[in-house]
Amino acid sequence: MTEIAHYINGAHTESTSGRSQAVFNPATGTSSKSVALASVSEVESAIAAAKAAWPTWSKMPALRRARILDRFKSILWERGDQLAEIISNEHGKTHDDAMGEVTRGLEVVEFAVGAPNFLKGEYSENVGTGVDSHMIRQSLGVCAGIVPFNFPAMVPMWMFPVALATGNTFILKPSERVPSTSLKIAEWLTEAGLPEGVFNVVQGDKEAVDVLLSHPDVKAISFVGSTPIAQYIHQTGSANGKRVQALGGAKNHMIIMPDADLDMAANALMGAGYGSAGERCMAISVAVPVTDAVADALIEKLVPMIKALKIGPSVDSTSEMGPLISAQHLDKVRGYIDAGETDGAKVVVDGRDFKQNQQGYENGYFIGGTLIDNVTPDMSIWKDEIFGPVLSVVRRDSYQDAVDLIHAHKYANGTAVFTRDGDVARNFNQDIEVGMVGINVPIPVPMAFHSFGGWKASIFGDHHMHGMEGVRFYTRIKTTTSRWPSGIRTDAEFTMPTLG
Ligand code: NAD
């Protein structure tokens, strides 16, 4: 049994905590490694390393920091498939899907390499006679990222490239279920020339997180995960005086209007509902066809496609969908389908009894694609995030009813409308109270130079991730007003200074 541990001060660091947890391959259901769960003192040593590295790193010219990240980006381009293999092994997603997340993460590194440009600041000459004013963005210090299991490479890369490019040092706390990707990233950052202590990885659970949330030397926390934990992180971190951005869970609806291209909509629902086994915060989990006729026609198209889904391990290059993350999660997803049936919904395609027959994978956490019709807003399968390959159909009679349904949900991460009507699309974009919107695009994940984040119970804190929102989160502004002797008044001023 190999133990996966930390990366502190530029080197792999064994754990002495005496606590660990098994790491499984979800495709086989077996475990050949464990992950260390950090003690308080181990987290403190990572914080101390990051704190010691900050003065030099933050004062290094932004261009030199960017060059180091640029070298890291080249390594990612060359060896991204190695990272994808590690991801698939611990998460279960297909190789192509894992490569997709590596690329989306890499794009944030590409954005971060532009730091010398976006850190330029502002300057106003003669704000008063002989008086000038300028604003600069400075780093915060030690920042921490606490991330979920479903994107072991991409979600950390929403955070640390921008944090490092803007002069912060960083501690990453990966998910206990997928701990290895972060160590490879740390190795490659060191290889790219990152000074020791600038990027550290601490493996662990709540005990490690609570140290990060309470330690006075940690200045900012970025979190992505489920809503109850996001809320806890935001409340605790904020109460301890830290800047916090905490992204939570989701339930994303896609409206299909009567004029939509139904083949396009069905294909979109297949990818968005069943890709990555539905374990994406931007997965579409609710289809909202407007009118029964649209619902019937859509379901007719979807059923054979769902039944034909190729479900298998990532090592089989023909697999379109892998297993769920754990045996417990498999039980939970099956339980939601049971609950939907008990509540009166119609299970049109049932994935509960799916059997994986490929040799060696019979005990993996596989489930079949599932489609449930006649779902209503009082059912738990509509209210809760299932995080599995389960697509609910909630039928609606009008566009406005469909919008009202979306507004009734507590989550507001992403949403989409499929239509050929420009008025409908424009009104939807303007009126819908959701953070990320797709018009004939099912998974509207913003590019790295825009920012990612939802509304309502899908986020706690003011800043979305990466793009300029990321820059704002990881920097604080300093505004300086200056004048030089030739302009100085000699008499004392006791009233509120006005410069004009
Ligand atoms: P999770 O909330 O269980 O875990 C996320 C992180 O929090 C992990 O690092 C974990 O170790 C830590 N954690 C768990 N319990 C904790 C506790 N009690 N105290 C302190 N820390 C704790 O989430 P998950 O199951 O790993 O990931 C799936 C969830 O993440 C889904 O809800 C999904 O929607 C969400 N997610 C959201 C986004 C987004 O952008 N909004 C993106 C990806 C995933």
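**Helix packing and cavities**

Helix H9 (residues 262-274) and helix H10 (residues 292-307) pack with their axes 10 Å apart, at an angle of about 55°. Helices here are DSSP runs (H or I, at least four residues), numbered from the N terminus. The model is predicted: local features need pLDDT of at least 70, side-chain atom pairs count only at pLDDT 80 or more, and totals for chains, interfaces and linings use all residues. Residues are numbered from 1 along each chain as its sequence is written, and side-chain values use heavy atoms, with hydrogens and water left out.

**H9 and H10**

- Axes are lines fitted to C-alpha atoms, for helices over the stretch in contact, and angles run from 0 to 180 degrees between N-to-C directions.
- In the contact (heavy atoms within 4.5 Å), residues of H9 including Leu262, Leu269 and Tyr274 meet residues of H10 including Val294, Leu298 and Ile306.
- The residues of this contact divide into 12 nonpolar, one polar and two charged.
- Nonpolar means Ala, Val, Leu, Ile, Met, Phe, Trp, Tyr, Cys and Pro; charged means Asp, Glu, Lys and Arg; the others, Gly among them, are polar.

**Cavities**

- A cavity is a set of points on a 1 Å grid over the protein atoms alone where a 1.4 Å probe fits but cannot get out; lining residues have an atom within 4 Å of a point.
- A volume is the space filled by probe spheres set on the points, which are joined across faces, edges and corners.
- There are four cavities of 30 Å³ or more.
- The largest cavity holds about 110 Å³ of space.
- Its lining has seven nonpolar, five polar and three charged residues.

Note on methods:
1 Å grid on protein atoms, 1.4 Å probe; cavity = no way out; pocket = protein on both sides within 12 Å on 5 of 7 lines; lining within 4 Å. Helix = DSSP H or I, 4+ residues; strand = E, 2+ residues; numbered from the N terminus.
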